[in-house]
Amino acid sequence: MLYRAAMENGFKFVNLDMEEYKYLDSTVEAFLTVLKEEEFFYSTFGIALQSYIPDSYEALKKITSF
């Protein structure tokens with residue numbers, strides 16, 4: 001897994017960014033799935049949400065409510 005490899009190699013920050021709008025939901029779900037794993041509780045991970053996409057606000061609310 002990308003996040004695990006980053007941690008093992010000393011990376012301090014990993015940012016997840018979707019390439020196309022059609023991947024918004026799956027990108028958010030993948031991000032939240034990783035955050036639910038105990039080994040990643042104290043890690044710094046980010047996700048890019050494009051502000052020009054109206055659905056990004058709902059994704060942001062879902063992430064912040066997590």
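Biologist: Ser-56 lies in helix 3. What makes a run of residues a helix here?

Modeller: A helix is a DSSP run of H or I with at least four residues, a strand is a run of E with at least two, and both are numbered from the N terminus. The model is predicted, so local features need pLDDT of at least 70 and side-chain atom pairs count only at pLDDT 80 or more, while totals for chains, interfaces and linings use all residues. Residues are numbered from 1 along each chain as its sequence is written, and side-chain values use heavy atoms, with hydrogens and water left out.

Biologist: Why is Ser-56 called buried?

Modeller: Buried means under 20% relative accessible area, exposed over 50%, and partly exposed in between, with a 1.4 Å probe and protein chains only. Ser-56 has 6%, so the term applies.

Biologist: What lies around the side chain of Ser-56?

Modeller: A polar atom of that side chain is 2.7 Å from the backbone oxygen of Gln-50. Leaving aside neighbours within four places in sequence, Ser-56 is in contact (heavy atoms within 4.5 Å) with Leu-24, Leu-49 and Gln-50.

Biologist: Ala-59 is also placed in helix 3. Is Ala-59 buried or exposed?

Modeller: Its relative accessibility is 8%, so Ala-59 counts as buried. Not counting residues up to four places away in sequence, Ala-59 touches Leu-24, Val-28 and Leu-49. Its C-alpha atom is 7.7 Å from that of Asp-25, 34 residues apart along the chain.

Biologist: How do you know that the span of helix 2 is close to the expected one?

Modeller: The expected span is 1.5 Å times one less than the number of residues. Helix 2, residues 24-35, has 12 residues; the expected value is 16 Å, and the helix reaches 17 Å from its first C-alpha to its last.

Biologist: Which residues of helix 2 are buried, and what makes them line one face?

Modeller: They are Leu-24, Thr-27, Val-28, Phe-31, Leu-32, Val-34 and Leu-35.

Biologist: What makes a set of residues a nonpolar core, and which members of the largest touch the most others?

Modeller: The set holds buried Ala, Val, Leu, Ile, Met, Phe, Trp, Tyr and Cys residues joined through side-chain atoms within 4.5 Å. The largest has 16 residues, of which Tyr-3, Val-28, Phe-31, Phe-45 and Ile-63 touch the most other members. Helix 2 gives the most to this core, with 6 residues.

How values were computed
Polar contact = N/O pair within 3.5 Å; in protein donor to acceptor, adjacent residues only side chain to side chain.
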